[in-house]
Structures are given as C-alpha cells and as structure tokens.
Amino acid sequence: MDKSSYRLLQLLSLAWLACRPTYSSITTYGTIIPQSPSVEIGKEFTATCVLYKAAKATAEDIYWKLKNVTVPKEQYTKINDSAVSVTITITNETANWLLCEKKGSSLSLNLNQVIHGILLTKGYPPEKPVNLSCMAVQFGRKISSNVTCTWQPGTRDEMLKTTYTLFGSLIGSNKSSKAHRSCGYIDFDTFPSFMELAIWVEVENKLGKVRSDILDVFAADLVKTNPPSDVNIISENNFSRTLLVSWKHPIHVTYVTLKYNIRFCTVGSRDWTEVPPNDTESYKESFRLQYLKPDTEYVVQVRCIHYRGYGYWSDWSANSTARTPEDKPTSKPDLWRVVIPSQVKSERRVQVMCKDPVESNGRIRGYSIKIQDGTWETVAVNDSDLDSRSQERKIIPLYQIPWSDKRRGLIELKAWNSVGESPQASLVIPELTHEPPSVESLSWFTHQGRLWVKWQPPNVTATGEPYRSEVTEYILEWVSVSDGAMDWQRERRHTRTAAIKGNLQKFNRYNISVYPMYSGWTGKPLTIAAFLEQGVPLEGPSVKVRRTGKNDAELEWMEIPLDKQRGFITNYTIFFITGGKEHSIVVSNDTYSYTVKRMASNSKYVVRVMASTVQGSTNSSDLSFNTLMYASGQIEAIVVSVCISFLFSVVLTMLCCIYKMDSIIKKIWPPVPDPSNSTIAKWSPDFTSKADTPKENALGDVSIVEVDVFDRKSLCEEDKAGLPLKKDKYLSEEHSSGIGGSSCLSSPHQSVSDSDEGGDEGQTTASTVQYSSVVASCGYKGQTPCPLPQSGSSQTPSFARSESTQPLLDSEEHPEGPESQRYLRNPYFGRLPAGNNGDSGDLEDLNQMEMKKQGLALRQFCPLEEDFQQTTPTEEGQSPDGQPGPDPSYMPQLSGYRPQC
Amino acid sequence: MSGHVKNMYPQLSISQAARTLLSLLLVAAIDSVNAGIACRNQQCESHIQRSSKLTRLIHMESVDLLKIYKASQGDMSELFCQMPTNIVPDPNISGLDPSERMLSIYSHCKAFLPHLKRVTEQQRDLQPPSSPLLNNLTTAQYRTSGLANQINCIYQNLFPNLPIPLEPVDGPTSIHPSQNVFQQKVYGCVVLKNFKELLSQMRHELRTLKNQMCKSRTFAYTNALF
C-alpha cells in the first residue's frame with residue numbers, strides 16, 4: 001500500500017469518524033487515529049487528532065502531549081480546522097501515552113482539557129531466523145514422519161507477541177505447524193522418502209512478518225538413522241593382529257542406502273582410531289580390522305550415514321569388545337639395573353630388573369637371563385606379578401648380585417610367553433673406574449602438566465676404551481624421594497628433551513638421572529632433583545632454642561623432611577615477637593641456625609620460623625623463651641670477684657693473725673704462770689700451810705720485784721674481764737707487786753683504780769718488764785719459804801723475778817680467806833698438805849671438779865708440781881725426773897704476786 | 001490489457017462478489033497446481049534414479065501391504081486375490097518410445113490413486129483403526145502421489161515440448177459406487193496385486209529409461225558444448 005492510498009484511507013476514516021454518531025454516555029470531544037497502535041522503535045509515527053463539534057475548539061487549540069511532555073508545535077501538521085496530526089520518533093524512552101488536548105478558554109477554569117489519548121505499544125518487527133536445519137530420525141523400521149527443525153531466532157528483544165510457524169512443502173503437499181522460538185516440527189504423515197521438499201520458518205508480530213531462507217532439500221538430507229545394530233567382534237586364532245567386525249543395517253536399504261564408519265581403541269584408552277572411510281563406503285555388514293596388537297582387548301564402535309553423505313551420521317553403536325590372540329614377543333624386554341652401594345669395600349650390589357617388552361604380544365610367562373659367561377637361567381613370572389593387560393608396564397626385579405668394582409660384565413635377557421621368545425636384550429656393567437662419561441648438563445622444567453628433562457650429550461672422544469664412543473640411547477631414571485619408587489624410560493640418541501612418561505605425583509620430589517648408553521654400556525649418570533609441581537611445605541621446620549643470652553638467642557631448626565617440603569625451600573624467615581611487635585629476618589635455605597641479636601634482656605620472646613617455596617610458606621609452631629637478665633659470665637664475674645675479695649680479706653686477716661699471732665694467742669690463751677717455776681712454790685716445809693695474815697706494818701719488808709709486763713693493757717683488760725676474781729684480789733690488802741706497788745700497798749682500793757686508770761704510766765717505763773715479786777724476808781702468807789742456796793738468811797727480803805706471765809694466784813692474793821675458798825679459786829694449788837686439815841679428801845674432790853672446768857691445758861702442769869710441793873719440798877727446783885730445773889735467774893717469789901696494773 | 005479488462009466487465013452477468021470470489025479461487029487453484037508440479041531443473045540421472053528408488057520403496061512396501069492385506073482379511077484371502085475383476089487398471093505399461101512409456105507410467109500412477117483411496121476407505125470400515133493396513137494404505141497413496149509428481153517432472157524435463165494430459169491416457173477409472181464386503185475384499189486385493197505389479201514394471205521401465213534418456217541427453221549436451 002503506497003503512501004497516497006494510506007492518505008486516502010486516513011481521510012476517509014476521518015470523515016467517517018467525524019460523521020458517526022456517538023452513543024457513549026461520556027462526552028467525547030474528539031478522537032485519535034490510529035487507535036492503540038503498535039509502533040516500531042526508531043521509526044516515525046504519525047497520529048491525527050480529530051475534534052468533534054462538542055469540543056468547541058479549532059485545530060489551533062490542539063496540542064499534543066506524550067504523557068506529561070508537550071510535543072513541540074513544529075511536529076504538528078494541520079489537516080483541516082478540526083484535525084491536527086503529529087509526527088514523533090519512537091524511542092525506547094518515548095512515553096506510552098499520546099494525548100490530544102485543547103487549550104481551555106480564558107473563562108474556563110480547566111485550562112487543559114484532554115480530548116483523547118492512545119496507548120503506544122512499542123516494539124520491533126520480527127527478525128529473520130537463520131541457520132535453519134531439519135532432521136528426521138528413524139522410528140521403528142522406517143523414518144519418522146515428523147521432521148524436527150531448529151534455527152537461530154533474532155537476537156533483539158521483540159517486545160511484542162511474536163508467532164513462529166514452520167512450513168514444509170513438497171510436490172503436491174504443504175504442511176505447517178506452530179513452532180517455538182527456535183525449534184519446531186512438521187508432521188508429513190509419511191516421511192517423503194526420495195522426494196524434494198522445502199522448509200522455512202515464518203515469524204510474525206504486529207509490526208510485520210518475515211520468513212527465513214527456504215531450505216530446499218531432498219528427504220535424504222534430513223535422515224538420521226539408528227546406529228548399526230548387533231555389532232559383533234570375532235577373534236580368530238592364528239590371526240593375532242586382526243578382528244572381524246560384523247553388524248546389521250539399522251534400516252532397510254530401500255529407505256536409505258548407508259555407508260559405515262568404524263572406530264576402535266584399546267580398552268581403557270580414549271584414543272580412537274577410525275578406519276579410513278573409503279574402506280567402509282560400500283553397503284556392507286562386516287569389516288576386518290587389521291594391524292592390531294596381539295593379545296590386546298579392543299573396543300569397537302560403528303555408525304552409519306546415507307551412502308552419499310546426505311543427512312546425519314547416526315550415533316555410535318554401543319561398545320563391543322574383543323581380544324586379539326597372542327603372538328610371540330616381537331621386541332626386547334626393557335633391561336635395566338640399579339647399583340646399590342655395598343658395605344663391603346670395593347664391591348657394589350647390582351639389582352637387575354626389567355620391564356616386559358613393549359610388544360610382548362601376550363602374557364609374559366618368564367625370563368631367561370645370562371650373566372657374562374654363565375648359563376641361561378629361567379625366572380618364572382607369576383601371573384600376579386605381571387599383567388600384560390595393564391597399560392602400565394610393571395618393573396620386575398630379577399636378580400640382585402654382588403658386583404666387584406673392578407668387574408665388567410654382560411647381562412643378557414630374553415622374555416617368553418606362551419607362543420615364543422622375544423629378541424635378546426643386553427646390558428654391560430663396566431668397571432667402576434671405567435664408566436663412560438655422563439651427559440654434559442641436565443635441567444628440568446614443566447610444561448602442560450608434564451615434567452620435562454633437558455640435557456646436553458656427553459663430550460666423548462675416542463680414547464681406546466672398550467665401549468664405542470657413540471651414544472646409542474639415553475635412559476631417564478627417576479626415583480621418588482618420598483617412597484623410593486623408581487622407574488625409567490628410554491629415549492633415542494638424538495633426543496635432547498623428553499617428558500617423563502611416568503605417573504608423577506605433584507609436590508613429590510624426584511631425583512632424575514640421565515644415563516647415556518653406549519651400545520649397551522651404561523654411562524655415568526647425572527642426577528637432578530625436580531618437582532612436577534611445587535607446593536607449600538606440609539609443615540614448618542622444627543625450631544628449638546639452642547642458647548639464650550641477655551641480648552641474643554641462638555635458634556636452631558631441622559630441615560623439613562624431603563617428602564614434606566613439597567618444593568624447593570627458597571629461604572627461611574625468622575619471626576620473633578616481643579611486646580606485640582613482630583620482627584622478621586630472612587635467611588638462606590641452607591641455614592639451619594641463626595643467632596638473633598639486639599634482643600631485650602629479661603624479655604619474653606615468641607619465635608617461629610617460616611619455610612618458603614615458590615608456591616608459599618608454612619610456619620613452624622611458636623616457640624617461647626625468655627632472654628636472660630645477665631649475660632653469660634656476668635654472674636660468674638660477680639661471684640669470682642666476691643670470692644676473690646673474700647679470699648683476699650681472709651688472707652689479709654690470716655696474715656694479720658700470723659703477724660699478731662703472739663698477741664692473739666695471749667689474748668685467747670692468757671699465759672698462766674707455771675707454778676713449778678714459781679719461786680713462791682718453793683716453799684719451806686717449815687712453814688705451815690696456813691700462812692699468817694700479813695700485817696700492814698710488814699710493808700717495810702716488801703721488796704720491789706721487777707715484773708716483765710709485755711702488754712700492760714691486755715693485762716688490765718684481762719683483769720677487767722675477771723672482775724670477780726679481781727674483787728677478791730683487790731680485797732686483799734696484803735699484796736702489792738710490781739711497779740706502783742707502793743700505791744697499791746698504801747691503798748688496796750686505790751690500787752684498783754690506779755690499775756684501771758693509770759696503768760699506762762708503768763708501761764712506759766720499759767718495753768719488757770719481768771714479773772717481780774716482793775719477797776718477804778719472813779715468809780709470806782704463812783708459808784715457809786724454801787731456803788735458797790744463794791740466800792743465807794731466809795728473813796732477808798729480796799726481789800725475785802719470774803719469767804712467767806701468769807697472773808698471780810688468788811691463793812697468793814688472799815691468804816687470809818678461808819682455805820676452801822682459796823682452793824676453789826686456785827686450782828693450781830688445789831691440794832694442800834696432807835696434814836693440813838681433815839677435810840683434805842673433800843677438797844681434793846672439789847679440786848678435781850674445778851680441774852675439769854679448767855680444762856686439760858691447765859692440767860698439764862698443776863697436780864704434779866703440787867705433789868712435789870707437798871711431799872718433797874726439799875726437792876724443789878728439780879724436775880720430777882731428778883734433773884735440776886732451770887735455774888731461776890731471780891730470787892724466788894716468797895709472797896706470791898698479783899697482776900700488774 | 002487493462003482496457004480490455006474494462007471492456008469485458010459489462011459482458012459478465014454474475015455479480016461482483018461472486019466474480020471476486022471466483023477470481024480468488026482461480027488464483028488459489030493455479031497456485032496449487034503450480035505447487036504440485038513445480039519442478040526443478042535437475043540432472044536426469046539423479047532425478048530418474050531417485051524416482052527409481054522411490055518406486056523400489058513403494059514396491060517393497062506394496063509387497064508388504066499385500067501380505068498385510070491378505071493377513072487381515074481372514075479366511076479365503078487367497079481366494080479373494082484370484083477372483084477376476086475388470087474394474088482395476090491394467091498394470092501393464094504401454095508405449096513405443098520412452099516418452100510414451102513414461103507417460104504411461106505417469107498415467108498408471110494417477111489411475112491407481114483413486115483405487116487405493118477407495119480401498120483405504122473400504123478397509124477403514126472393515127479394519128480396526130489401529131490396524132497397520134490402514135497406515136500402509138495411506139502411505140502407499142502418499143508415496144504414489146509423490147512418485148506421480150516426480151514422473152511428471154521428469155517428463156517435463158525430458159520432454160518439455162510434449163504436454164501431459166490431465167486425464168490418464170487410458171481414460172478415467174470407473175469405480176463402482178457400491179460393493180458388498182466380499183466385493184470390497186476382492187476389489188482391494190486385486191487393486192493391491194495390480195499395484196504391486198505396476199510398481200515392478202515401473203522399476204524396470206525407469207531403469208531402462210535412465211539408461212536410454214540420461215546417457216543420450218548427456219551425450220547430446222556434450223555435443224552441444226562442442
């Protein structure tokens with residue numbers, strides 16, 4: 001319909017609308033043409049507002065609104081006085097409501113009066129479907145009459161209700177059916193075999209209709225049959241490398257003439273091998289697979305298609321399996337050895353092992369082995385040891401024999417199965433010192449999930465060695481560090497890079513060795529450690545504190561076990577935390593102890609060590625310790641200095657003591673006068689034991705005796721210490737002795753004070769003062785003075801000097817006291833003459849008690865002299881053994897003495 | 001032309017509405033005929049071969065159809081097929097030259113279609129709805145119609161200057177309007193039997209025609225090029 005026709009139709013509609021009576025109860029002032037249209041986004045849309053007479057307005061009063069937005073006047077077109085059209089461009093943002101309004105009169109309160117409104121339904125016209133394809137599958141013995149089609153609809157959101165219709169046409173018949181957005185089917189009642197047909201899709205909505213390209217096909221182009229049925233595989237004896245495959249046609253040839261496709265693989269493998277299509281083009285039901293491996297189980301699948309390739313391949317048939325018959329091994333067994341170091345010097349142990357031949361062609365039942373010039377020995381293989389059906393070739397240990405380092409030998413091996421023997425494999429083990437050279441370098445890398453090894457060939461020159469200088473092949477050997485599992489593979493002589501074919505485990509450390517082989521001679525290996533994939537260490541290092549100091553600590557950790565490293569340790573990081581602050585130190589991977597310095601003394605530290613690989617790190621457990629308050633040796637220095645000081649003081653004290661020994665001894669053990677040497681002890685037996693009380697007037701007879709006072713002060717102090725004794729002494733008014741004796745004599749009490757206060761005066765007179773006694777000429781204390789040879793008259797007072805420093809005895813000082821009291825205080829004179837009184841026995845007992853108190857030091861000189869004094873007074877002056885005692889250089893003391901004060 | 005049309009309007013005595021409706025129906029009919037006989041220019045050999053294969057398929061199915069028919073007619077089914085009847089087209093293909101023989105094939109296909117339809121209707125009354133016989137009869141009609149159209153196209157391609165008569169060359173097939181059950185069964189069996197025979201002959205004829213027509217046309221086409 002052209003534009004003029006449209007315009008004409010529009011005018012007619014307007015005329016009709018203007019003339020038509022209105023029956024609505026609602027007063028209408030006009031209308032919009034068209035009513036509720038569907039508009040295409042991106043296109044212009046024109047609407048016309050027609051005013052009725054009731055509107056009482058003209059075209060100039062009309063204005064358009066899109067919801068609340070007034071359309072500019074420029075877009076208006078006045079058709080006549082009562083009709084105005086507007087043209088707007090539809091966008092996604094265009095409001096749905098288009099309103100026609102009139103301006104209200106100035107008198108009207110309602111300024112804007114809506115005349116009419118329409119709802120715009122926006123959308124897009126349908127898009128052309130593309131990539132239409134159809135298929136008819138087999139149903140029973142025939143092809144299904146339903147043809148299923150798929151296509152790609154438009155990518156744009158249609159926004160409007162859209163219908164899809166699938167059409168099928170063939171000569172004399174047309175079919176159609178409603179379809180979904182991207183698929184549908186047509187039922188032709190009977191599949192139009194060998195006919196031409198046309199199929200297309202129509203898409204329609206309010207904005208238009210579009211048709212896909214017509215699919216002009218022959219019926220055979222749509223056919224997809226079932227896969228061949230009853231696929232069967234026949235294994236024939238004596239044909240160890242072939243299998244006969246048979247099947248049945250899925251559909252009668254009159255419907256579809258088919259060709260086939262066959263594929264096969266070994267059990268467990270997904271690497272299918274397809275039979276060349278040309279071999280199975282003919283319409284056949286069997287095919288013989290060739291060039292197969294003996295004693296191998298194969299899986300076979302078959303599919304079919306129209307013999308000219310029309311239509312679709314059927315699905316693959318279900319798996320059919322069969323095993324080819326056995327054949328004798330056609331390749332050598334894979335012979336290898338492992339040299340085990342022996343504890344015996346200059347000897348090693350060789351473990352001979354092998355894998356069954358690659359082309360074992362059956363189950364290997366055993367091996368025949370010969371070492372050097374020995375005989376062939378048979379090693380039977382149990383079924384459990386070797387399963388030829390397994391894809392993985394197992395390692396079979398054959399022999400372990402001691403092998404001298406200087407021995408060179410040839411090992412030969414043959415494998416045999418139920419059909420025959422394999423070719424012979426050989427291996428030469430050279431002398432240890434004449435091993436052919438190793439490869440020059442060895443490295444590894446990973447690529448696409450596999451571990452690759454790269455090496456450089458050995459630099460071999462002809463040196464007259466028994467082996468040929470050409471490398472014939474390489475052997476790659478890898479050993480798992482974690483479990484010791486090993487395996488090997490052979491590579492050709494020109495190979496420089498090879499992927500490890502074994503089933504390597506991630507995070508597992510492998511020691512990979514490359515052996516160059518020289519026509520069966522095993523060269524020296526070159527070994528390298530490698531990982532298929534590195535990971536984070538399973539555990540951190542075990543850390544311990546070997547030593548802690550005041551400001552440092554020495555940490556020590558063990559290397560993580562190799563099977564738990566899961567990668568190459570790149571470094572260790574030491575973390576130590578104190579006071580909430582963490583510090584870290586990175587050390588190299590070969591460091592296993594470290595001394596952390598600059599630590600705070602007497603502080604608690606938490607330490608851990610992190611082991612890192614390229615993939616990550618793992619921490620050890622935290623370890624806490626405290627640093628010392630003092631450095632090592634500091635305490636020892638203090639102790640030693642204190643000890644030295646103490647020792648020094650002791651030594652000093654001892655020196656002082658030694659130096660002052662005499663005075664100290666005298667202080668501790670004051671000198672006791674030896675009564676036996678006392679001249680006073682040489683009493684005259686004529687005198688009664690009871691001395692007469694001396695009289696004051698006897699002072700005239702007192703003679704001054706020089707007393708050797710070497711330490712006057714000490715004496716005074718001693719006197720002070722023995723105050724009770726002194727009191728007794730000082731109570732005596734009969735005695736005076738030494739220097740100053742006159743004062744003592746004049747006043748006994750005063751002498752006490754003199755001795756205390758003015759003792760120094762006497763000491764200054766002479767450094768050495770001998771004791772002196774005043775010997776009364778007429779006896780003293782009633783004792784009878786012993787006659788001295790040099791003194792003719794006993795009554796003559798004389799001075800007697802004594803060498804003894806012993807203080808004077810109380811018995812001498814208190815002759816007037818009761819005898820019992822005197823004896824108690826003077827044990828040296830404990831024994832009185834037998835005839836002195838009848839209480840002598842009691843006195844002796846008392847004297848003995850006193851002796852015990854005095855100690856043994858005093859006992860050594862007391863009792864014996866007393867006996868002498870009492871029983872043999874005539875022998876005074878002689879030693880008990882009759883020897884004359886030392887001659888007194890002074891006159892004997894007659895009246896005792898007293899301490900000099 | 002438009003003036004000629006205008007001049008013709010007064011000559012028509014029928015009303016305008018009826019005239020319009022008649023025009024529409026005519027257009028639809030022309031379209032339908034065009035759709036039914038729309039033929040593509042195809043290679044002779046493949047075209048005939050495809051028809052030959054279709055003939056073979058129909059023949060195979062006709063063999064099965066006859067077996068099913070006999071099996072579904074109960075007792076005396078063999079007797080039904082041996083009864084003579086003269087209302088069924090003769091299956092023999094006639095003609096001297098290829099065009100005549102091909103036209104005869106086309107005519108026979110067309111001639112058997114109403115008989116097959118009649119048998120189908122009769123058996124629909126005699127057989128349960130789920131009977132495979134009905135389905136096979138329908139399929140035979142469908143395929144035979146398609147085969148007839150293909151033969152038509154081949155004929156048009158091979159002999160573009162020779163018109164195809166609308167009616168079969170042997171004249172319109174006469175079908176008795178009413179038959180009893182016995183007559184229906186005899187009729188049906190004879191139709192299917194002759195139909196099978198026709199297809200057998202058609203296979204042979206098409207193979208022969210392919211060899212005669214396609215090789216010669218290829219040769220002629222080759223000569224024309226040079």
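Predicted model: local features only at pLDDT ≥ 70, side-chain atom pairs only at ≥ 80, totals over all residues.
How are α3(B) and α6(B) oriented to each other, roughly parallel or roughly antiparallel? Helix α3 of chain B covers residues 44-72, and helix α6 of chain B covers residues 132-158. Their axes come within 9 Å and cross at roughly 155°. An angle over 145 degrees counts as roughly antiparallel, so α3(B) and α6(B) are roughly antiparallel to each other. The crossing in which α3(B) passes α6(B) is left-handed. Sorted by class, the residues in the contact of α3(B) with α6(B) are 16 nonpolar, ten polar and three charged.

Another helix of chain B also packs against α6(B). The axes of α5(B) and α6(B) are 9 Å apart, and the two helices pack at an angle of about 160°. That angle makes α5(B) roughly antiparallel to α6(B). The crossing of α5(B) and α6(B) is left-handed. In the contact of α5(B) with α6(B), the classes are 18 nonpolar, eight polar and three charged residues.

S99(B) has its place in helix α5, which runs over residues 98-126 of chain B. Is S99(B) buried or exposed? The relative accessible area of S99(B) is 8%, and buried means under 20%, so S99(B) is buried. When residues up to four places away in sequence are not counted, S99(B) touches Y155(B), F159(B) and L162(B). One of these, Y155(B), has a number that falls in the stretch 132-158 of helix α6 of chain B.

The whole of chain B can now be described. The secondary structure of chain B consists of seven helices and zero strands, and the pattern read along its sequence is α-α-α-α-α-α-α. Chain B has 226 residues, and 43% of them are buried. Of the contacts in chain B with a separation of 6 or more, 84% are between residues 24 or more positions apart.

Chain A contains both kinds of element, with 14 helices and 54 strands. It has 901 residues, of which 44% count as buried. Among its contacts between residues at least 6 apart in sequence, 66% join residues at least 24 apart. The accessible surface of chain A comes to about 47,600 Å², and carbon and sulfur atoms account for 52% of that area.

Some details of the backbone of chain A stand out against a general rule. Most residues other than glycine have a negative phi, and most peptide bonds are trans. Between I33(A) and P34(A), however, the peptide bond is cis, with omega about 0°. P34(A) is found in the loop between β1 (30-33) and β2 (38-40) of chain A. The loop between β1 and β2 of chain A also holds S36(A), a residue other than glycine with a positive phi, near 40°.

Further along chain A, R598(A) is another residue other than glycine with a positive phi, in this case near 60°. R598(A) is found in the loop between β47 (593-596) and β48 (604-613) of chain A. With a relative accessible area of 83%, R598(A) is exposed.

Two other residues of chain A show how positions separated in sequence meet in space. S438(A) has its place in the loop between β34 (425-429) and β35 (441-447) of chain A. From S438(A) to V460(A) the separation is 22 residues in sequence and 9.1 Å in space, C-alpha to C-alpha. Neighbours within four places in sequence left aside, S438(A) is in contact with P458(A), P516(A), K524(A), P525(A) and L526(A).

E473(A) lies in strand β37 of chain A, which spans residues 473-480. Its relative accessible area is 23%, and E473(A) is partly exposed. E473(A) and H494(A) are 21 residues apart in sequence, with their C-alpha atoms 7.8 Å apart in space. Not counting residues up to four places away in sequence, E473(A) touches R490(A), E491(A), R492(A), R493(A), Y515(A), P516(A) and M517(A). P516(A) is therefore a contact of both S438(A) and E473(A), within 4.5 Å by heavy atoms in each case.

Notes: Residues numbered from 1 in each chain as written. Chains lettered and ligands numbered in written order. Heavy atoms only, no water. Helix = DSSP H or I, 4+ residues; strand = E, 2+ residues; numbered from the N terminus. Buried < 20%, exposed > 50% of the residue type's maximum accessible area, 1.4 Å probe, protein only. Areas by Shrake-Rupley, 256 points an atom, 1.4 Å probe, with all protein chains shown as cover. Axes fitted to C-alpha atoms, helices over the stretch in contact; angles between N-to-C directions. Parallel < 35°, antiparallel > 145°, perpendicular 65-115°, else oblique. Left-handed = near helix turned anticlockwise from the far one by under 90°. Nonpolar A, V, L, I, M, F, W, Y, C, P; charged D, E, K, R; others polar.
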